[in-house]
Amino acid sequence: MSAIEVRVPDIGDFTDVPVIEVLVKAGDAVKVDDSLVTLESDKATMDVPSPVAGAVASVAVKVGDKVSEGTLVVVIDPAGAAAAAAPSKTAPPTSKPVGPASAGHPASTTSAATGAVEVRVPDIGDFTDVPVIEVFVKAGDAVKVDDPLVSLESDKATMDVPSAVAGTVTSVAVKVGDKVSEGSLVVVIEGAGGGAPAQAAPSQPAAPAQPAAPAAAAAPAAKATAPPPAAAAKPSAPDAPLDEQAFRVAHASPSVRLIARELGVDLGKVTGTGPKNRILIEDVRGYVRKVLTGQAAAGGAVAAGGGLNLIPWPKVDFAKFGPVEEKPLSRIRKLSGANLARNWVMIPHVTQFDEADITDLEALRVALNRENEKAGIKLTMLAFLIKASIAALKKFPDFNASLDGDNLVLKQYFHIGFAADTPNGLVVPVLKNADQKGVLQIAKEMGELSAKAREGKLGPADMQGGCFSISSLGGIGGTAFTPIINAPEVAILGVSKSAVRPHWDGKAFVPRLMLPLSLSYDHRVIDGASAARFTAYLAQLLADMRRVML
C-alpha cells in the first residue's frame, strides 16, 4: 500500500490555527486514532488522529506552525510497522449522514449492505470531550424513535442522545466515563422499519469539535490515544478522586488529559510551561516525578479552602443533634453551584437598586393579552423587560461586553438569557437575536424555551452565547436581591415583585405600580455612575415604552 498523506480535516470556519504539540516523529509506529498533532484555536483544542496504522515516514509541521483545512500534517507508511494490522476503534461510516445533525436527533449513517444505522453525537455547540454519564441501552435491546440511548453532561447542561430510528441495538460504542464530541459513534442499530433517521433543521453552527480524520478516515474519535510517558508511573500513595471541575478548566490538550487520567494526575495542580501556560506532557511527567520524590502533594484531593488559603470547611455529624435526611443534589444544581461559586469569588460584584413605574405598561400588557387571547400567546412583564434592556444595552455598550484578559470584547449582537425555574433547578435559556424581534415574538420564543427547560430538553446550544441575563422573581415575591453575574457576562438584572405605592406627582400622592430593579455588575468593567445611569434609563423606558422606538 502506498504512503498516506494525513491532512488537517474540516475544522469549520477556522484558518491559520496554531500547532501547539507534535506528538510523533519520523519512525514512530502509530495505530488508528492515535493523536498526531494538537491544534488550538481561540475556541477549542483538538487532536488530529491517524486514519491508518503504520509507521510515520515524515512530519510536515512543527510547534508554532499555522495550519488550515487540507494542510499536510504527516506522511504514514501503512506497511512500515506491525501495528498496521491493528483494527480501528471506530468503524468508518459507509455513507454520508442521512440528515443534518441537530440537538433533537443525532447524526446517523446507514450501511446499505446491512441496514444498520450508526447513531452519532449530534451538534452540541462549542463543547468537546463531553463525559458520558449514563448508558441506557445494551446490545440486544429494542429501541423506538426518540428513546434515549446515552446521557451526556457538560459543565453547562445535561442532554440525552436519542435514537433516530426504531430497531435493535447491535453494539454500544461508549461506556460511562468516556469523553465524546460531535460525530462520535454512540451505538449501532439494526433498523426494524419503525422509523427513519430524522430530517431535522440544521442547528446553529458550532465551534469545531475534535475533528474527523480526512478523506475516508473515521469520524471524530470519542477520545484520543497517545503513547504513555515511558518514565512515568502512577503515584501509588493517594486514591483520592480527581477534582473534575479543575480538570475540566485546565489548559491542556485531549492527549495530555488522557495521559493525566491514566496516571491519576490532577491537572488542576500542574503548572503549564507551554504557550499561554498550556500544560504539556512534559509538565505531567515532571509533576509525577515530584510526587514520587516527595516534592509535591499527590492525589486529586482539593486543598483546604479550594486553594484560597481559607480554613477547612467544618465537619459536622448532624445526626448527633436530631433526625436528618440526606438528599443528593441534582446534576443541574451541582454544575450550576460550581459555576456560581466561581463567579461570586472571581468577579467583584456590586448591586445597584432602583425602581420603575410600570403602571401604564401593566395596563398595556393586560390589554394586549386580551387582544391575543385566541392566538395563545401570553405576554409577561419579562418580555417587555427584555425589549427595554436591549435598548439600554445599545445606549450603554459596556454592559453588552465580556472581559478577555486586558481587553473588553464589545458585542454587536443581543442574545438575552433569562432564568427559568425547573423541578431540577435553575437554568438560563438564551433568546438569540432578541433585538430583531417584537414583544409578541419574544414572548412566544420565551414560552417555547421555558417549556423545553421544564421538560429537561434544553440542549447546550439553547444556553450558549448570552450577552446579558435577567432573573425575574416577580411572580414569587420579594423586594430586592443580589443576583450573581453569569460569566463571561458583565451584568445581570434582577427583578422582584411589583407593588402599588404612593407616588408624589408634584401636587398629590397618587397610587403607582412600582417594579424593583436589582442590577449586579462587574466593577472591573462598570463603575457605579454607569450602573446608576443604566438603571435610571431602563426605568424611563419601562415607564414609557414609546422611548424604545427612539
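Where does Asp34 lie? Asp34 is in the loop between strand E3 (29–30) and strand E4 (35–40), where helices (H or I, at least four residues) and strands (E, at least two) are DSSP runs numbered from the N terminus. Asp34 is buried, at 6% relative accessible area. Here buried means under 20% relative accessible area, exposed means over 50%, and partly exposed is in between (1.4 Å probe, protein chains only). Leu23 is eleven residues away from Asp34 along the chain, and their C-alpha atoms are separated by 9.3 Å.

A few ground rules before going on. This is a predicted model, in which local features need pLDDT of at least 70 and side-chain atom pairs count only at pLDDT 80 or more, while totals for chains, interfaces and linings use all residues. Residues are numbered from 1 along each chain as its sequence is written, and side-chain values use heavy atoms, with hydrogens and water left out.

**The overall picture**

The secondary structure of the protein comes to eight helices and 28 strands. Of its 550 residues, 46% count as buried. Take the contacts (heavy atoms within 4.5 Å) between residues at least 6 apart in sequence: 63% of them join residues at least 24 apart.

**H6 against H8**

Helix H6 (residues 381–395) and helix H8 (residues 528–543) have axes that come within 9 Å and cross at roughly 135 degrees. The axes are lines fitted to C-alpha atoms, for helices over the stretch in contact, and the angles run from 0 to 180 degrees between N-to-C directions. H6 and H8 are therefore oblique to each other; on this scale, angles under 35 degrees count as roughly parallel, over 145 as roughly antiparallel, 65 to 115 as roughly perpendicular and the rest as oblique.

Who meets whom? On the H6 side there are Phe384, Leu385, Ala388, Ser389, Ala391, Ala392, Leu393 and Lys395, and on the H8 side Phe534, Tyr537, Leu538, Leu541 and Leu542. The residues of this contact between H6 and H8 split into eleven nonpolar, one polar and one charged.

A search of the whole structure turns up six aromatic pairs. Rings of Phe, Tyr and Trp (its six-membered ring) pair if their centres lie within 6.5 Å; planes under 30 degrees apart count as stacked, over 60 as edge-to-face and the rest as tilted.

| Pair | Centre to centre | Angle between planes | Class |
|---|---|---|---|
| Phe396 and Phe399 | 6.3 Å | 80 degrees | edge-to-face |
| Phe396 and Tyr537 | 6.1 Å | 70 degrees | edge-to-face |

Phe396 sits in the loop between H6 and strand E19 (401–404) and Tyr537 in helix H8, so their pair ties together parts that are 141 residues apart in sequence. Phe396 is buried at 16% relative accessible area, Phe399 is buried at 1%, and Tyr537 also counts as buried, at 19%. Ring pairs link Phe396, Phe399, Phe468, Phe534 and Tyr537 into a cluster.

Gly425 belongs to strand E23 (residues 425–427) and is buried, with a relative accessible area of 1%. Leaving aside residues up to four places away in sequence, Gly425 touches Ile332, Arg333 and Ala420. Ile332 is 93 residues from Gly425 in sequence, yet their C-alpha atoms are 6.1 Å apart.

Helix H2 (residues 254–263) is mostly covered, with eight of its ten residues buried. Among them are Pro254, Arg257 and Leu263. Just after H2, Gly264 takes a positive phi of about 70 degrees.

Most residues other than glycine have a negative phi, and most peptide bonds are trans. Asp16, in the loop between strand E1 (4–7) and strand E2 (17–22), has a positive phi near 50 degrees. Asn433 also has a positive phi, near 50 degrees; this residue lies in the loop between strand E24 (430–431) and helix H7 (439–454) and is partly exposed, at 29% relative accessible area.

Which residues does a cis peptide bond join? They are Ala487 and Pro488, with omega about 10 degrees. Pro488 has its place in the loop between strand E25 (468–472) and strand E26 (491–495).

Conventions. Nonpolar A, V, L, I, M, F, W, Y, C, P; charged D, E, K, R; others polar.
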